[in-house]
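Here's a quick tour of a chain you can follow on screen. Have the sequence and the model open side by side.

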Amino acid sequence: MIQLYVITLIYLFLAASTALYDTYRGLFSFVFSYRHRLHSNRRFRHFIIISGPVLALLNLFFPQDPGPRYLGNLVPAFACLYSAYFYIRYIKGGAAEDILNPSPFKGYMLFLVTILHFLFPFLVLL
């Protein structure tokens, strides 16, 4: 199911870009409008948050070939779940210290999963 593969890559890339926006503003300038839409449009915000668990389930049950049938790509599925959790925390706010000085480690880890999933689509990431 190659469409699921591409949608998962885009979802993870947008989550990683959102997490790293404050550190690399010049590189991720396209994320500014994405973040604005995320804050201003309630339906879009709910769609993005619900898409994470749905993509995680689809990745578990419809893996990229030749992965195991019912486990699929476990790491990208967990990354999608974490991205949904990240969006919920991002929208709700959190500690003022986390908002003013976010740690880019989470964004780097999401980028690492995205890049590995992109470069090696048939690698079983268990």
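## Ground rules

This is a predicted model, where local features need pLDDT of at least 70, side-chain atom pairs count only at pLDDT 80 or more, and totals for chains, interfaces and linings use all residues. Residues are numbered from 1 along each chain as its sequence is written, and side-chain values use heavy atoms, with hydrogens and water left out.

## The whole chain

You'll find six helices and zero strands here; helices are DSSP runs of H or I with at least four residues, strands are E runs of at least two, and numbering starts at the N terminus. Of the 126 residues, 40% are buried, meaning under 20% relative accessible area with a 1.4 Å probe, protein chains only.

## α3 against α4

Now look at helix α3 (residues 42-61) and helix α4 (residues 74-92): their axes come within 8 Å and cross at roughly 165°. That makes the two roughly antiparallel, a label for angles over 145 degrees. Axes are lines fitted to C-alpha atoms over the stretch in contact, with angles from 0 to 180 degrees between N-to-C directions.

On the α3 side, the residues meeting α4 include I48, I49 and L55, while the α4 side includes L81, A84 and I88. Contact here means heavy atoms within 4.5 Å.

## A closer look at R45

R45 sits in helix α3 and is buried, at a relative accessible area of 17%. A polar atom of the R45 side chain lies 3.2 Å from the backbone oxygen of L38. Leaving aside neighbours within four places in sequence, R45 touches L38, H39 and I91.

How values were computed. Parallel < 35°, antiparallel > 145°, perpendicular 65-115°, else oblique. Buried < 20%, exposed > 50% of the residue type's maximum accessible area, 1.4 Å probe, protein only. Polar contact = N/O pair within 3.5 Å; in protein donor to acceptor, adjacent residues only side chain to side chain.
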